[in-house]
Amino acid sequence: MTDSADGAIEGPRPVLVVDFGAQYAQLIARRVREARIYSEVIAHDATVEEFAARNPVALVLSGGPSSVYADDAPAIDPAILELGIPVFGICYGFQSMAKALGGVVANTGGREFGRTTLTADGAGVLHQGLPAEQPVWMSHNDAVQVAPEGFEVVGSTPGAPVAAFENLDRRMAGVQYHPEVLHSPHGQQVLTRFLYEIAGLEPTWTAANIADALVEQVADQIGDGLAICGLSGGVDSAVAAALVQRAIGDRLTCVFVDHGLLRAGEREQVQHEFVGATGARLVTVDAAETFLSELAGVSDPETKRKIIGREFIRSFEGAVSDVLGDRAAAGDKVDFLVQGTLYPDVVESGGGSGTANIKSHHNVGGLPDDLEFTLVEPLRLLFKDEVRAVGRELGLPEEIVGRQPFPGPGLAIRIVGEVTADRLALLRTADQIAREELTAAGLDGQIWQCPVVLLADVRSVGVQGDGRTYGHPIVLRPVSSEDAMTADWTRIPYEVLEIISTRITNEVPDVNRVVLDVTSKPPGTIEWE
Ligand SMILES: Nc1ncnc2c1ncn2[C@@H]1O[C@H](COP(=O)(O)OP(=O)(O)OP(=O)(O)O)[C@@H](O)[C@H]1O
Ligand SMILES: O=c1[nH]c(=O)c2[nH+]cn([C@@H]3O[C@H](COP(=O)(O)O)[C@@H](O)[C@H]3O)c2[nH]1
Ligand SMILES: NC(=O)CC[C@H](N)C(=O)O
Ligand SMILES: [Mg+2]
C-alpha cells in the first residue's frame, strides 16, 4: 500500500488501475482486490517516474468518456507500455492500448450500450472455460477495427468485431466490454484469468495478511512514540485502534469525544463494548458545551463541518495531559493521532486525483491547518467491507464490525439549520424511535444506515388533538450500499414506516410530519449535509 498524500503507508506492490476519467475506476480496483491482489487507482497523466515509483505488478487501463483520436484525448505515456509490466485494457483503455501499439480504432456506427452477446469460441486464454456465447455489458461508440500486430483477437460482438485481444508473450490483453460490472456475469472470471493466467500473479491479498501488513506499517511509522486514537464506537476506529494496539501495545490510548451530537446510548456503548472487547485504555472528553457554543448561529453545512473538524482536534489536544498523567513531567509527548479514515472519506473530501470536494469529512477535509499531531491512518485506502474483514480477522466481536456507520459530526449534519440543544434532544428521540422499530422489524442487516434528519428550517401545518400545529418534518433516509460510494434507498415495508411515523409524530414534540427520502446516491448523498 502506498499513499501519495503523506507517504506514510507503504506495502504490497499494487496492480495500478489507470483512471481515464472512468465511472468505474475504483470499482475495478475493488474487483482486483476481490481476486485477492492488492490494487490502487492512479491518474492517467502520472509520469513514467510516478508509475515506476509505485512499483506496480500490472496495469489495468480504465474506460473513459473521450474518443482516442480526439485532439485532447487522455493517453498514458507510451513508454509506460514498454516497461515490461502486464497490461489489461478495458473499453477506452482497450482502445487506447490498441492505438498506442499500432492497431486501428474508429467510429463505424456500431455503438453498443447495455447488454450484448460476446462470442469467444475457445481461442486464447481470457475466456477459456467460459461459454462460447456470454452476455456482457457494453458502453461504447468507438471500436477497435484492427488489433495491433502480435495480438490475437479472442472475442467479438455484433458492434465490435475486435471485442477482446491478447498477446501472451507481452502479457497484455484487453476487452471492449466492462468485466467489472455485475451485469457482465463472467466478468470477474475474465479479469481474474488476466491476473492469474496472463500476468502470472499470485492471489495473496487476504484479510489476514492485510492485517499483518498494516500492523507492521503502523509499528514502523510510530516507532517508540506514543499515540492516541479517536474512538467513536464505529467500525473504522475500532479496527484502526485494534491494529495500532497490536503494533504498539499500551503506548496507545483511545480518546472518545462526547461532543453532545451523539445518538441516545452511544457514550455508554463505547465505554462498555470496545473496552470490554480489547481491554484498551480509554479517556473520555466532555466537550458538548464547547461544540454547541462554537456551532451557535451556524447553518451552512461546510462551515459546520470545519468547526467540528477543528473542535475534534482541540478535544484530542485537551486529552493529552490526561493521557500522559505523570509521564508529562518526564518529558513524554503524544506525537501521533490515529483515525479510522477510509477511502470514501478521502475521495468525498476532494482528496482523490482531480476529484471534486463533495463534503469535507471532519477527519480529512475538516481538519484545521495547525494540526500538530502526525496522522496514522492505516485504513485510508480501503473500503468498509474490506475494513470489516480486517476487523473480523483481528477478532473484534460482530456487534462492533457489523455496526451501521454513523458520521463523526453526528446529529449536527442531520439538523438542516442551526444546531441547538433543544433540536438535538428532539432529533435524538426521533432517531431512537426509528432505530428501535427498524431493529424490531429485523431490517438492520438489509440497511446500510438510516439517517434520521430534522428539517429545522422548514415548518408545515398539521392538526393534532383538533388544534393547529406548525411543526417540523422528520426525514427518514434508509439506504442500501456496498461501500457508501453509491447507494439506493431501501424499500422498507409500509407497515414498518407506518409504525415509525405514528410513533414519531405522537412522541416527539414539535414534529407533525414524517417523510421518506426516495433518492439514490447519486444524485443525492447519504447524509443531508
Ligand atoms: N466521537 C468521537 N470521538 C473520537 N473520535 C471520533 C469520534 N467520532 C469520529 N471519530 C474519529 O473520526 C473517524 C472517522 O469517523 P467515522 O464515523 O467515519 O468512522 P467510525 O465512527 O470509526 O466508523 P463508522 O463509519 O462505522 O461510524 C473515526 O474513525 C474516529 O477516528
Ligand atoms: O466520519 C464521518 N465524517 C463525516 O464528516 C462524514 N460525512 C458523511 N459520513 C458518512 O460517510 C458515508 C457517505 O456519506 P455521504 O453520502 O453523505 O457523503 C455515510 O456513511 C455517512 O454517514 C461521514 N463520516
Ligand atoms: N466506456 C468507455 O470507456 C467508452 C470509450 C469511448 N469513449 C467510446 O465511446 O467508445
Ligand atoms: Mg462513525
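Ala, Val, Leu, Ile, Met, Phe, Trp, Tyr, Cys and Pro count here as nonpolar, Asp, Glu, Lys and Arg as charged, and the others, Gly among them, as polar. By these classes, the shell around ligand 2 holds six nonpolar, six polar and five charged residues. The model is predicted.

**Overall form**

The protein has 15 helices and 22 strands. Its C-alpha atoms fill a box of roughly 75 × 70 × 40 Å along the principal axes. The radius of gyration is 26 Å; this agrees with a compact globule, because 529 residues in that form would give a value near 24 Å. Of the 529 residues, 45% are buried. Among contacts with a separation of 6 or more, 74% join residues 24 or more positions apart.

**Domains**

Three domains divide the protein: domain 1 spans 15–198, domain 2 spans 207–401 and domain 3 spans 419–516. Between the C-alpha centres of domain 1 and domain 3 the distance is 45 Å.

**Ligand shells**

Ligand 1 is surrounded by 18 residues. Gly230, Ser232, Gly234, Ser237 and Gly340 are the closest of them. Helix H7 (235–248) contributes at least two residues to this shell, and so does strand S13 (252–258).

Around ligand 2 there are 17 residues. Here Pro407, Gly408, Thr525, Ile526 and Glu527 come nearest.

How values were computed. Residues numbered from 1 in each chain as written. Chains lettered and ligands numbered in written order. Predicted model: local features only at pLDDT ≥ 70, side-chain atom pairs only at ≥ 80, totals over all residues. Near = placed C-beta within 6 Å. Domains from an automatic or database assignment. Helix = DSSP H or I, 4+ residues; strand = E, 2+ residues; numbered from the N terminus. Rg over C-alpha atoms; globule rule 2.2 N^0.38 Å. Buried ≥ 20, exposed ≤ 12 C-beta atoms within 10 Å, placed from the backbone. Contact = placed C-beta atoms within 7 Å.
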